[in-house]
Amino acid sequence: MDKRFRALLQTLSSTSRDMVPLQSLAMANKTLDARINRAVSPAVKLLRSFKRVESLQKRLILLSDEIAGGGRLANLVKYVDCVGRLNSAIDAVVKEREPVVQKLQEVVEFLSRTKAADEARIRRVREILVTLKALYETEVDALKYEGTLDEALLSLQDEYERILQHLKHRNIGDSEEIDVEEIDEFDLASEQEIQVLRRISETLAGNDCLDICIDIFVKVRYKRAAKALMRLSPDYLRTYVPEEIDQMEWESLETAISLWIEHFELAVKRVLKSEKELCNRVLSGLMDGVLWAECFVKIADKIMAVFFRFGEGVARSSKEPQKLFKLLDLFESLDKMKPEFSRVFEGEAGADICSRFRELEKLLVHSSCRVFWEFGLQIEGNQDGFPPGDGSVTKLVRYAVNYLKYLASENYRSPMARILRTEQVWKMGMLSKPETDEDVLRESISNVMEALRRNVEDKKSRYHGDGVLPHVFSMNAYWYVYMRVKGSDLGSLVGEQWLKATFKTAAEESAYRYQNQAWGPAVECLGVEADGQGDSREGEVGAAGTVARARLEAFLRGIEECSELHRSAYVIPDVDLRAQIRDAVVKLVVPTYASFIQSHAHLLHARSYLSTESVRQLVGQAFEETNYPRTLVRRRDLRAR
């Protein structure tokens, strides 16, 4: 038994030694099996992802055919959704690539290390792995950049551009009158169109096409906005250089500025406001909502630049007086639009456009003030030519009064006051005793009216050789100013008391001097009392009669000559002033004449002198309506009646 037992042990020991390589091989096979299984599982998952990609590609092709067949927007939503899922599937393939390659690499390394296969097989497996890796990368690149996904993205770009091109601004340029205030709702696109555009934007951005998406959006919407405004026929915007604007006829420039105000308001409140809303609703989901505002500014920048360019050209053009009112219209329109403009171009993206808006406002303030002050200087320094030969009101006085009345009217009073006040603050800083807008405007217009008064005095001093005509001229001018300003907005602004003290008083003083210079010499002919009353000797009576007749003849000749001068040389165009002067002259002449006749009737023959009523008529003929031809009544005709 002992021998048998030892023999059995030897046999077991020998068998055990023989079994050791087999056990190692079994363990190696088991380990290899586990590694192969770990490599196969990701590969199977990868194959499933490839199958999903293939299925989605076929789905895209079908949806593409459905879009071409009809129901474009509804099918586009499905198409965009399918593109998103295809992109996710391709991303999954990309993510699963590394685990698959890594596991296969581990298997190859294990075979090489354990010698579980011969060298030829190991080399073949390694070559297959390299080939598989290269083929995989090529396939994935084809899926992302050359396959159905790439074609789908190109198709989405085309659809994106087509939809944006389809969104039009309605009812612009279709009628002459445009009420911008009625347009408050966003009516550029439907909710379905917004949804499709938003989904396409996000899909393109998610596939590294953000720059292309933004470029398409900005390019198409700028063209659409510009085309909408071009329907208004803004040909005037082509002229913007100050020198070219100066060459425009005034009526054309006036019309162009009015159109600019209307079109600028329409562009901001309707066109660009709608474009901003479209940008917000379509692109707000990109880059955490910071991109859409920049896109909107890119669309609006060129359009605003064209409008600003024309406004700046007008402000920098020559400072003719009539331009003041159009500059005020421009300033007032900008001032009213400022809150809405700030809302449309709010934020950092619109800072440059808002800055240019403010610069245009400043330019209009400076230009308006310069036109106004130069107008006053032109009035005071107007020394060209001679004063009117008939003493009538000069065109400058008429123009200046109407100009200032228009400036003080309800339409321009407030903006002019704000501009003058703003200019004053900019020059002097915050005043210790700040004046109100009304006070600044009152003082400024009063200064211009004082310049007008000095102009009248200067013109008055240029009359030579006629002592009456200067007073006729100043009387007409001052009375014209007083009567045209009294009771108007300009009169209430400068004050009725100041107006009376400055112009009515001056007119009355001129009228008094006129009366003394024109009619005083004739009246003075009757001023010396005649002798020869009572018991005077006959010779003395005869001499007194001769003197009385001579004085009477000189008086009548003076009245007749003065009347003739009023007909041929002097003009008093204002009906009320002419009536007042006539009554004053009648009161000066007729009572004196009546007193003279009463005192000297015994020295004169009854038919040698005129009646008091005839003298009244003779004086009155000097103040008849000068606009119509009339026959001068002479004293011999009066005597014959």
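The chain contains 22 helices and 0 strands, where helices (H or I, at least four residues) and strands (E, at least two) are DSSP runs numbered from the N terminus. The structure is a predicted model, in which local features need pLDDT of at least 70 and side-chain atom pairs count only at pLDDT 80 or more, whereas totals for chains, interfaces and linings use all residues. Residues are numbered from 1 along each chain as its sequence is written, and side-chain values use heavy atoms, with hydrogens and water left out.

Of the 641 residues in the chain, 44% are buried, a term that stands for under 20% relative accessible area, with exposed meaning over 50% and partly exposed in between (1.4 Å probe, protein chains only). Among the contacts in the chain with a separation of 6 or more, 83% are made by residues 24 or more positions apart, a contact being heavy atoms within 4.5 Å.

When residues up to four places away in sequence are not counted, Ile445 touches Phe372, Leu404, Leu407, Ala408, Leu490, Leu493 and Val494.

Arginine 413, in helix 13 (residues 410-428), counts as buried because its relative accessible area is 18%. Leaving aside neighbours within four places in sequence, arginine 413 is in contact with Leu407, Ala408, Glu438, Leu441, Asp489, Ser492 and Leu493.

The structure holds 0 disulfides, a disulfide being a pair of cysteine sulfur atoms within 2.5 Å. For cysteine 213, the nearest cysteine sulfur is that of cysteine 295, 7.9 Å away, while for cysteine 295 the nearest is that of cysteine 279, 6.2 Å away. Cysteine 213 is buried at 0% relative accessibility, and cysteine 295 is buried with a relative accessible area of 1%.

A search of the whole structure finds 2 cavities of 30 Å³ or more, a cavity being a set of points, on a 1 Å grid over the protein atoms alone, where a 1.4 Å probe fits but cannot get out; lining residues have an atom within 4 Å of a point. The largest cavity holds about 40 Å³ of space, the volume being that filled by probe spheres set on the points, with grid points joined across faces, edges and corners. Its lining consists of Lys168, His169, Arg170, Asp187, Leu188, Arg270 and Ser274.

Conventions:
On a 1 Å grid over the protein atoms alone, a cavity is a set of points where a 1.4 Å probe fits but cannot get out, and a pocket is an open set with protein on both sides within 12 Å along at least five of seven lines; lining residues have an atom within 4 Å of a point.
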